[in-house]
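Thanks for making the time this morning.

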Amino acid sequence: METRSNPLGMTLFCVYLVIYTSFVLINAIAPELMEATLVAGLNLAILYGFALIIIAFVLALLYGFLASRRDSKVNSSDDGGRA
């Protein structure tokens with residue numbers, strides 16, 4: 001892994017960290033809130049848990065897309081006109 005991608009990875013990690021920390025804090029401070037039924041008989045804990053998994057997957061895809069795009073731009077500018 002190249003160091004050029006690290007700021008992007010750290011940014012996306014911090015986004016996920018905020019979302020996950022809010023999940024943990026809700027469970028620690030107000031666990032009864034997680035028992036609230038929201039959609040189709042599923043409580044907030046189940047929905048939030050699945051959302052965490054989906055968000056992690058989406059952030060991983062976003063990282064892969066943005067990092068490869070950035071690397072291709074850097075590689076094309078490093079070419080210097082060589083064939």
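Predicted model: local features only at pLDDT ≥ 70, side-chain atom pairs only at ≥ 80, totals over all residues.

**From core to surface**

Let me begin inside: the largest nonpolar core is made up of five residues, F23, M34, L44, Y48 and L52, where a nonpolar core is a set of buried Ala, Val, Leu, Ile, Met, Phe, Trp, Tyr and Cys residues joined through side-chain atoms within 4.5 Å. Helix α2 supplies the largest share of this core, three residues.

Residues are numbered from 1 along each chain as its sequence is written, and side-chain values use heavy atoms, with hydrogens and water left out.

As for the overall layout, the protein chain has two helices and two strands, and along the sequence they follow the pattern α-β-β-α; helices (H or I, at least four residues) and strands (E, at least two) are DSSP runs, numbered from the N terminus. Of the 83 residues in the chain, 16% are buried, and here buried means under 20% relative accessible area, exposed over 50%, and partly exposed in between, with a 1.4 Å probe and protein chains only. Taking the contacts with a separation of 6 or more, 62% come from residues 24 or more positions apart, a contact being heavy atoms within 4.5 Å.

Now to the aromatic rings. Rings of Phe, Tyr and Trp (its six-membered ring) pair if their centres lie within 6.5 Å, and planes under 30 degrees apart count as stacked, over 60 as edge-to-face and the rest as tilted. By this rule there are three aromatic pairs. The pair of Y16 and Y20 is stacked, because the ring centres are 6.4 Å apart and the planes are at 15°. Both residues lie in helix α1 (residues 6-29), four residues apart, which is about one turn of the helix. Y16 is partly exposed at 23% relative accessible area, and Y20 is also partly exposed, at 38%. F23 and Y48, by contrast, form a tilted pair, since their ring centres are 5.0 Å apart and their planes are at 55°. This pair links distant parts of the chain, with F23 in helix α1 and Y48 in helix α2, 25 residues apart. F23 is buried at 16%, and Y48 is buried at 17%. Together, Y16, Y20, F23 and Y48 form one aromatic cluster.

Turning to the loop between β1 (37-39) and β2 (42-43), we find A40, whose phi is near 50°, a positive value in a residue other than glycine. A40 is exposed, with a relative accessible area of 76%.

The accessible surface of the chain comes to about 6,000 Å², with 71% belonging to carbon and sulfur atoms; areas come from the Shrake-Rupley method with a 1.4 Å probe, and for residues only the protein chains shown count as cover. Helix α2 (residues 44-78) also contributes to a nonpolar surface patch, where, with seven residues, this helix gives the most. I46, which lies in helix α2, is partly exposed at 39%.
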